[in-house]
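Please open the model in your viewer with the sequence panel beside it, and keep a selection tool at hand. The tour below goes from one selection to the next and says what can be found at each stop.

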Amino acid sequence: MFLTRRLALGILVMWLVTVIVFVIFYIGPGSADVARALAGRDAPPATVALIARRLLLDRPWYVQYGHFVWGLLHGNLGFDYYHDEAVTTIVAQGIPITLSLIVGAAPIWLAIGVLTGMYSARHPRSFADRSFTTFALAFYSTPTFVLGVLLILLLYYQLTIHGIALFPGSGYTPLTQNPFEWFRGLILPWLTLALVAAATYTRLTRSAMLDVLGEDYVRTARAKGLGERRVVWRHALRAALTPVLTQFGIDVGTLVGGTVITEQVFGLPGLGWTAVHAIQEQDLPVIIGIVIVASAAVVVSNIAVDALYAFVDPRVRLH
Amino acid sequence: MLTPPEAAAPRDLETQSDDPRGHSSAQNARSIEGRSPWRLALERLRRDRLSLVALGVILLIVLIAIFAPFIAKATGHGVDTQYPTIGLTPTGLPRPPNSVFPLGTDDLGRTLLVRIAYGARVSLLVGVLATLMTVTIGAALGLVAGYFGKVVDTLIARAVDVMLSIPFLLFAIALASVVSVTPLHLGPFSLSKGIPIVVLVIGIFSWATVARIVRGQVIAIRSREYIEAARALGASSWRIIIFDVLPNVLPTIIVYATLLIPVSIVAEAALSYLGVGIPPPTADWGSMIADAQSYYQQAWWFLTFPSLALLMTTLAFNILGDGVRDAIDPRGTPFKS
């Protein structure tokens, strides 16, 4: 029941996203401008009119929207303005790269964040706690692109000119082509994403764990004579992980459209990089396609998080 | 042996409780007077040394921003003035820091120090204005949704869901680039590029979280007796919202606003880094870092100094934000303990 409602809400959200996207990109710039921009500066009016007709830009907005949604429902995101390539193909080329980024970075930040957060909560005010929280605040304040360029400067450039070429500076090697190069090339981007994200998790885990460790059932578990390790890892962590998990689901979903900067810094042609380039070329179908895929990722991951709740926190199952 | 968190709790209470009975007796004997929650918060903030340092750094950056023209005058270099002969090496690369150019030059032979000082203006202005806009929209919608409930609440809550599902950066760069091609007409103003657009874009895509937090608080307050009393006295809904509800959610709004400033500053820098923010030649930290990325092998200063400026600003605001939160809401789990 709960999940059905959640699913319906997800569909509603996706519909509204398509409306907003449509308003921004179709109605916002004005159809004449779109055709004009596509035709080029010196194109004769006939060419502009032809382009407008071919892209349905001369039709009323509801026809355009209907066409847009009809295509969407059939898994068709249209064709890019310049090379007539299917947007689904363009998106499909970017997805493995963006996913590679997320798949590698997520475990790193989750591990760093949860472990340091737990340690901090179990030893509040200790030196380690203070260091962890200070580092967390510092990385939390670091813009992704600043961390990225500084990592390139220090770990790529400085190491390379001193003869230690550990990491490449930019570019992407597909996993299927050479797993080792794939891994090597992604370490710095992973670190960039993970260190910034981990900071949030350290803070989140620490405060959640502190709350949980003060609860009655933890005292009961200790009073029963359970080992400290069992109390912390089995009883406390389970409840403390709920807010962490929520954040994790949201972050992973958001990251599909949120690796823009990391991809730009390291020259990885994933979804974000493709979107930025499409924006520079005013290639609307490509931008719309990527925005919709990215929004869908957020919606799906939010639903997945809600479903996962029940498994992790027994208290949710009772409701 | 593990330190149980209870052991730490009494100390927390003593220093952070806003209940006067929690103070030591010596302090009580010295001054027994009614102190407003705001004053208590201010006093707690004044005892937080780290926050004071952060505040000092912020004030310094504000001063640098205000007096940027004086810094330009002191070096004798204009913010956009290019020095192709003395500012660039014979091969056309930026010059390292020296007595003429204290922090070196950029790729066009402009004085980095002056440009960083002017960049502070953009960052602070956008940070504060975008935060104001975000908080105003978010608080207004949150108050309305929480107080009136029913259809209004459902509509606003769904709008919040949609806004939170939207990938911020993708939409922001898309909207910024669309607007740069087709200017936005707002009454007599025609906006296409620059600070107003960046502020607008950040505000439009960030209000949802504020609305959600405020809405939750208002729902908790709505059924209190004093609201009912106000209603019984014949106060209108808007009067109750502004005079009875708003003051009670204001601390939350202030805490959130302090923490939003660095987020807005980073958002502006990120947009400019991606080339859809503040257009050149305006000095801006984000676009300076973007330009510097092509020269990091030859000119470390070009990349490092704007990065440090941005980093110091966001760090200072985040530390202050944490301090303000702990001072205003001492019962919340303090991050710095």
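## Starting at the end of a helix

Just past the end of helix 6 of chain B, select B:Gly149, which takes a positive phi of about 60 degrees. Please bear in mind throughout that this is a predicted model.

Now step one residue onward to B:Lys150, which also has a positive phi, of about 50 degrees, although it is not a glycine. Most residues other than glycine have a negative phi, and most peptide bonds are trans. B:Lys150 is found in helix 7 of chain B, and it counts as exposed because 8 C-beta neighbours lie inside 10 Å.

## Back along helix 6 of chain B

Select residues 112-148 of chain B, which form helix 6, a run of 37 residues. From its first C-alpha to its last, this helix reaches 53 Å, close to the 54 Å expected at 1.5 Å a residue. Is helix 6 of chain B largely enclosed by the rest of the structure, or largely open? Of its 37 residues, 27 are buried, so the helix is largely enclosed.

Next, pick B:Leu103, which is placed in the loop between helix 5 (68-75) and helix 6 of chain B. This leucine counts as buried, because it has 23 C-beta neighbours inside 10 Å. If its neighbours within four places in sequence are left aside, B:Leu103 is in contact with B:Pro97, B:Leu112, B:Leu113, B:Ile116, B:Trp301 and B:Phe305.

## A cis peptide bond in chain B

Move to the bond from B:Pro280 to B:Pro281, which is cis, with omega near 10 degrees. B:Pro281 lies in the loop between helix 11 and helix 12 (285-292) of chain B.

## Where the chains meet

Show both chains and select the residues at which they touch: 44 residues of chain B are in contact with 54 residues of chain A. On the chain B side, at least two residues each are supplied by helix 1 (5-16), helix 7 (150-165), helix 8 (168-181), helix 11 (237-273) and helix 13 (300-328). Colouring this side of chain B by residue class gives 29 nonpolar, 11 polar and 4 charged residues.

## Chain A as a whole

Among the contacts in chain A with a separation of 6 or more, 71% are between residues 24 or more positions apart.

## Two helix pairs in chain A

Select helix 7 (residues 144-161) and helix 8 (residues 179-213) of chain A, whose axes come within 9 Å and cross at roughly 135 degrees. That angle makes helix 7 of chain A oblique to helix 8 of chain A, and the crossing is right-handed. Which residues meet here? From helix 7 of chain A come A:Thr144, A:Leu147, A:Gly148, A:Leu151, A:Ile152, A:Leu155 and A:Tyr156, and they meet A:Leu188, A:Leu191, A:Thr192, A:Leu195 and A:Val196 in helix 8 of chain A. By class, this contact has 9 nonpolar, 3 polar and no charged residues.

For the second pair, select helix 5 and helix 12 (residues 271-280) of chain A, whose axes come within 7 Å and cross at roughly 135 degrees. Helix 5 of chain A is therefore oblique to helix 12 of chain A. The contact is made by A:Ile90, A:Val91, A:Gly94, A:Ile95 and A:Thr98 of helix 5, together with A:Leu271, A:Gly272 and A:Thr274 of helix 12. Sorted by class, the residues of this contact are 4 nonpolar, 4 polar and none charged.

## Last stops around helix 5 of chain A

Stay with helix 5 of chain A and pick A:Pro107, which is found in this helix and counts as exposed, with 12 C-beta neighbours inside 10 Å. The C-alpha atoms of A:Pro107 and A:Leu186 are separated by 14 Å, although the two residues are 79 residues apart along the chain.

Finish at A:Arg125, in the loop between helix 5 (87-122) and helix 6 (127-141) of chain A. This arginine has a positive phi of about 70 degrees although it is not a glycine, and it is exposed, with 12 other C-beta atoms within 10 Å.

Definitions and conventions. Residues are numbered from 1 along each chain as its sequence is written. Chains are lettered from A and ligands numbered from 1 in the order in which they are written. This is a predicted model: local features need pLDDT of at least 70, side-chain atom pairs count only at pLDDT 80 or more; totals for chains, interfaces and linings use all residues. Two residues are in contact if their C-beta atoms, placed from the backbone, lie within 7 Å. Helices (H or I, at least four residues) and strands (E, at least two) are DSSP runs, numbered from the N terminus. Ala, Val, Leu, Ile, Met, Phe, Trp, Tyr, Cys and Pro count as nonpolar, Asp, Glu, Lys and Arg as charged, and the others, Gly among them, as polar. The expected span of a helix is 1.5 Å times one less than its number of residues. A residue is buried if 20 or more other C-beta atoms lie within 10 Å of its own, exposed if 12 or fewer, and partly exposed in between; C-beta atoms are placed from the backbone. Axes are lines fitted to C-alpha atoms, for helices over the stretch in contact, and angles run from 0 to 180 degrees between N-to-C directions. Angles under 35 degrees count as roughly parallel, over 145 as roughly antiparallel, 65 to 115 as roughly perpendicular and the rest as oblique. A crossing is left-handed if the near helix is turned anticlockwise from the far one by less than a right angle, and right-handed if clockwise.
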